[in-house]
Amino acid sequence: MLEKNIQKAISEAFSELYSHELPSENVSLQPTRKEFEGNYTFVVFPYLKITKGKPEDSGAQIGEWLKTNTDFIEDFNVVKGFLNLEIADISWVQLLKDITSDDQFGKQSSNGQKVMVEFSSPNTNKPLHLGHLRNNFLGDSTARILAANGYEVKKVNLVNDRGVHICKSMLAYQKEGNGETPESAGMKGDHLIGKYYVLFDQMYKEEINTLVDQGMDPEKAKKEAASIQEAQEMLQKWESGDEETVALWEKMNNWVYEGFDKTYDTMGIHFDTMYKESNTYLLGKEVVDEGLQKGVFFKKDNGSVWVDLTDEGMDEKLVLRADGTAVYMTQDMGTCDMKHKDFPFDKSVFVVGNEQDYHFKVLFAIMKKLGRHYSDGLYHLSYGMVDLPTGKMKSREGTVVDADDLLQEMFNTAEQHTRELGKIEGMEESEAKGLYKMLGLGALKYFLLKVDPKKRMLFNPQESIEFQGHTGPFIQYTHARISAILRRAKSLEINTIFDIEKVGELNKREVDLIYQITEYSKALREAAKDYSPAIVAQYVYDLAKEYNGFYQEVPIFNEENKDKLAFRVALSSITASLIRESMDLLGIDVPERM
């Protein structure tokens, strides 16, 4: 590609002008700033010891050599130590031809490496909420980006289906359920179980308040309250295999799974493997025994098992309670081994909120101490909280921002907005409904993915659905606009075959658009390296924005030069194709018409 040719030419210039071997891959180019003439900029400052000249003189020497010895550098200018290179129009035209004839453009062949991406990981005591949406979209998009970079990817969901928090819903249902089912309640299963989780919390708080009113210390009251003690007893019954407890657990969890499946389907999220913590927590206990034998773990007087990570800059960490029950760390150690046995990964990515940063730091350090060869490939894709304009989310009090409700609200808002703008004229009702869902889901996914995962963010539903600005619908609408242009070109029998010698002089907008197209591979690589869909989101927004600028200023169908007309249709076609591919990497569909 053009950038590699420029790097190679600069490397040759250094060899001839300064007798210095500068490997072409070490030549760094950046886009020329808008206020200067040029397309690519080479910064001379780091090489002044080699050129032994002033920045301006060195820049001019290299620029002159490039202009004389290559056919793709048409001109140059030097601003202080910045060498701005102007590429010949015919080179851009040739580049577009090369790209359009390469059906593998931007794609990477297999690199032979396996990566597992674990995301979603819901608890089976409540429905999915806004935070889960960011998690699911991040995990799904990261998996798609890694696959596009040549990795063999497995998407897994580790469901937290056991523990005292699950027993809380079970206990409340046992006491107050009266045989209620999702059918009799007219509710999705996950919502029904979530109702009992909230009910438990209300009962528990009342008990604490009563004990505190009787003079008990609040912290002690939290431990002594009858409900929490009963929930802990229920957990021990479950762990010992009590038939009645296990039957209730299975019934309630199955209701939740049915509810989750509907939500995942609406979101367009699918997994290759579903793991359940109920199947892994005992496995973790075997790892504890191994750690004790190896001297990596130690027992305290009360029988609890710990690991000392002070040498790694952390503290001591509990890996098994004194009563022999598992903690999260126990399960996670066992799950790491089980997952690697199932799918011998080179990398394993855990998509989990940043409140768990320390937990994963500890887990990875433990697996390294235990001598797991795969421990260097473990990576925590940590992400920030999602806030709404109305404040933070909580689940125990029933004030959580429910994922199903938010998805439906997005579809409704998309419908209202699209109708107001008259973008569904001539559409069948079923096609229009599909469009509302596509726009609503696209708006939500794009808004949550365009922000760097590490940053806490504010989700504004109204802003996300706008057809102008940094939004999913703006990009989706751009795709629909280009699709209309391509349909018109087809009806006029205009193809995308052109003679590069006959296209002639290019408009700056055309050059800028081709430049943006060439950046696709780089964006894809960086997004995989940083595990950041935000890089792809920014790329596709810039591409759509660049195309809109081209569309406003450059008449396509008024062009009399047939080769230039075919060139512009080809330019539109590859742009639409890259918008489609980039949005697909974010898990977003784009419409053919609006």
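**Notes on side-chain contacts**

1. F447 and F459 are both buried, where buried means under 20% relative accessible area, exposed over 50% and partly exposed in between, with a 1.4 Å probe and protein chains only. This is a predicted model, in which local features need pLDDT of at least 70 and side-chain atom pairs count only at pLDDT 80 or more, while totals for chains, interfaces and linings use all residues. Residues are numbered from 1 along each chain as its sequence is written, and side-chain values use heavy atoms, with hydrogens and water left out.

2. Rings of Phe, Tyr and Trp (its six-membered ring) are paired if their centres lie within 6.5 Å, and planes under 30 degrees apart count as stacked, over 60 as edge-to-face and the rest as tilted. The count by this rule is 27 aromatic pairs. F447 and F459 have ring centres 5.5 Å apart and planes at 75°, so this pair is edge-to-face. Another group, made up of F14, Y18, F42 and Y47, is linked into a cluster by ring pairs.

3. Two charged side chains also deserve a look. A charge sits over a ring if NZ of Lys or CZ of Arg is within 6 Å of the ring centre and within 35 degrees of the ring normal. K450 lies over the face of F447, 4.3 Å from the ring centre, and the charged end of R488 sits over the ring of F557, at 4.2 Å from its centre.

4. D342 has 47% relative accessibility and therefore counts as partly exposed. Its side chain is joined to that of Y275 by a polar contact of 2.7 Å, the term denoting a pair of N or O atoms within 3.5 Å; within protein, one must be able to donate a hydrogen and the other to accept it, and residues adjacent in sequence count only if both atoms are side-chain atoms.
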